[in-house]
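Take a look at the sequence and the fold, and then we can walk through a few spots together.

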Amino acid sequence: MDENTIPALVEKLCRSLSNGKSSETSKEYEAKYKLALQLLSSQQLSLHNHETEFSIVQNIKKLLGSKERYQDARKFDELYTRLTSSSILKNRKAVLELMYYLAQTPASAATEPLIRHSFTLPSLVTFTSDTTTIVKTPKNTEAPYCPLASTTLQKKTSAQSTLYGHSDVSNQVLLREILYAFQGIQGQVFQWDATHENLQLKSTVKLPKALKQMILSLVELGWLFHKVQKYCESPKTESTCGLAARAFAAALQEELSEYYRLLAVLQSQMEVQTIRSGDTVGVETQGLTFQRLLVWTKEPKARMKLLAALVEACHGQRGGALASVIHSFVLQGNATLKTVVLKILVQVCRPLYEMLMLWTFEGELRDPYGEFFIGINLAVDPGSLWNDKYYERSTMVPNFFTQEQGHQVATTGKSICFLREICLDKSPIPGLNQIRRTAEERSESLLSLDWESIEEAYSTASQYLLQVLLDRYHIKLHLCALRQYLLLGQGDFVNHLMKLVEPELDKPASTRMSRLLASILDKCIRCTNSQYDDADVLRRLDVRISEPSQGDSGWDVFSLDYKVDGPLGTVLTPEVKTRYETLFYALWRSKRMEWIMSKLRHQQLTEGRQLRGLLEVQGVLHQSQLLLSEMIHFAQEMSHYLSFEVVACAWEQLSVALRSSKTMDQLLTAHEHFLQTVTSRALLDEESKDIRDHLRGIHEAMLQFSQIQERLFSSAILEVEKRQGKSKSSIETFLPSIKAKLCAISASYQNFVQTFLFMLSSHSDPNLQGLGVRLDFNECYQRKDTRLSMSLTYFHRRMTTLSFPSQLH
């Protein structure tokens, strides 16, 4: 044997601890040598030892001093000083602990089982008793184990005696059957109850009541073992259970392996008892008894109860939900059981940890069995990657993650995927690899995850993505183009376009006009300052004709369109484009009313001169001029409000938010807030539905008025021409009907406006309340309805529940 091998070194150590005895037949040497080998072969030697190296050294010195070996104590102190200055021995504390354990253990302890793993046993020496039953048998008549049936002859000759009274079965047979029951095996004493899935005493076995209760308490461990083993042996495939559930079963199997070691030790005690059954010393002095079995299985039973409870709670769970259930068992006061749960949880979370690291730092979702808290929808359009392709599964988020942490993990991987798939940027994100190395060094599992590194990765990936969107794809430029064209912020372009498209849009919507309107749009761009805009912006600008309905004109189906692709499609999703289209219709209609009122005013100023000599129409013209003045004021105030107080103010807030945004989500949130603000203040939300209906009534009254004025001027000019040619006058045929229609329209318009102003004054938005004040600048409507002059008090708020003024139709 090489003197440098572990057995040789252990042999030297044991000889030195045996008071210098070198004889291999020495009982003390044999005992210590066997104990040392058991210690070295045992798992988790120091699991329950929390002593420091200094305390172990002090204990060794005290032990040597108590045996009056002062010279050995001084020599040990010198050797330990030399050992600390050397770097050869790596596990110095473990070696000192082994030496101390060997020095204080008596020679008789070599026959005791050494279990330093999960299912621990107390020392056998502490349970010896002088009152145990002594059974004397001849030394040369060692009887092998016989089943219960083989003991029938012995029962007929003599009854079995136990500590608890008369029994049909001997203690040795009962103990052996209990060990079988610990493994879920039925025998001659216990039978399996398939209904309740547990072991029960056979009805033919007669035992004292106290002994029966003790045995049933012991056999409960076998029932718990069967429950855990059944879960481990149940068929588990990755496709049905997932990786986390398989890891959980493997962790349980490791715990059962420790349990098997416990059973092996108990079985060895039974063998010791059988071997010594012929000695006069007594069977139960060094062997297995019911009391010792109760004590030794107390902690394993508590541990097995925990495993059975885990199995029960985790049934049917998978992935992050399984980790959450197991983590809920960590919150308990028993430190030993808490350690067990943490050990199992670490193994269960290992596949989830690998998925998280791969997703966070590579943007790859490797989750074939749906266990991760981030899911993927492969059926969505690539342009909806950010909003729809990847989503968070709330049920799979481990309960030791906060909502913010889960969102950061999801956003980090999604940012990398967006760069790779949408921005076509496959270059590594600067600094992300270094962050990953730091995270892997600081964390080994999901429980010890370095969230500082995760937050840093989230910030790095998000800022890099936002920089690419702003610098390379000019997101802010395109948002500005949307404001200028779809929200009619480019004044000269809107006015010139209105003038060019008016002849075409007055036609029915069924007329094919797409190509003609597209050419008009190009002409309008070349004739205005829009020609100096970015070429990419002008290339995306186009005309869109909606599907017409019965009776629609070109004004009802015409809108501008802005083509999007790539990263811009994430901001301008189909839903967002629909909202922009709705805003365009509202703003375009308001601009059209202002344009029509301006044309009518120009008509009154130019063509009205020709009608000065026609005295019959002067009263109607005066009434028309008064109504037109009201309409012009309303149209201009509404257009000014929508253009400046709604769109311009909301755009300023969006610009500030874009400058301060650091992530893609913040950019999208700022844009969404911009759309919501414009939509609500433009009376396009659900709260303003009734107000919007009255505004539509006001616009219809304006259109009817424009038609009547056109008819009035054309008929009046024709009358002037007839009088100049001395033809027969026809003024009596058209003037009364025009005068009646004008009065009806005036009354209808004023009624609509009055109700509209009352609705604005009771609206929750103060901006709309201020609009109502400006629309009634001369307070003529306040004089008609005193409710408009009331302050915004609680009483005034209650007035909003009353019916609105009656409408004239």
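Which residues of helix H17 (residues 432-442) are buried? They are Leu432, Ile435, Arg436, Thr438 and Ala439, where buried means under 20% relative accessible area, exposed over 50%, and partly exposed in between (1.4 Å probe, protein chains only). Seen down the axis of H17, these buried residues fall within an arc of 165 degrees, so they line one face of the helix. The arc is taken from the directions between the helix axis and the C-beta atoms.

A word on the source: this is a predicted model, in which local features need pLDDT of at least 70 and side-chain atom pairs count only at pLDDT 80 or more, while totals for chains, interfaces and linings use all residues. Residues are numbered from 1 along each chain as its sequence is written, and side-chain values use heavy atoms, leaving out hydrogens and water.

Helices (H or I, at least four residues) and strands (E, at least two) are DSSP runs, numbered from the N terminus.

| Helix | Partners of its buried residues |
|---|---|
| H17 (432-442) | H14 (335-362), H16 (403-421) and H18 (451-471) |

In H4, the buried residues are Ala73, Phe76 and Tyr80. They cover an arc of only 60 degrees around the axis, which puts them on the same side of H4. On the other side, Gln71, Arg74, Lys75, Glu78 and Arg82 are exposed.

Finally, Glu371 sits in the loop between H14 and strand E5 (374-376). The side chain of Glu371 reaches the backbone nitrogen of Ala244 at 2.7 Å.

Definitions and conventions:
Contact = heavy atoms within 4.5 Å. Polar contact = N/O pair within 3.5 Å; in protein donor to acceptor, adjacent residues only side chain to side chain.
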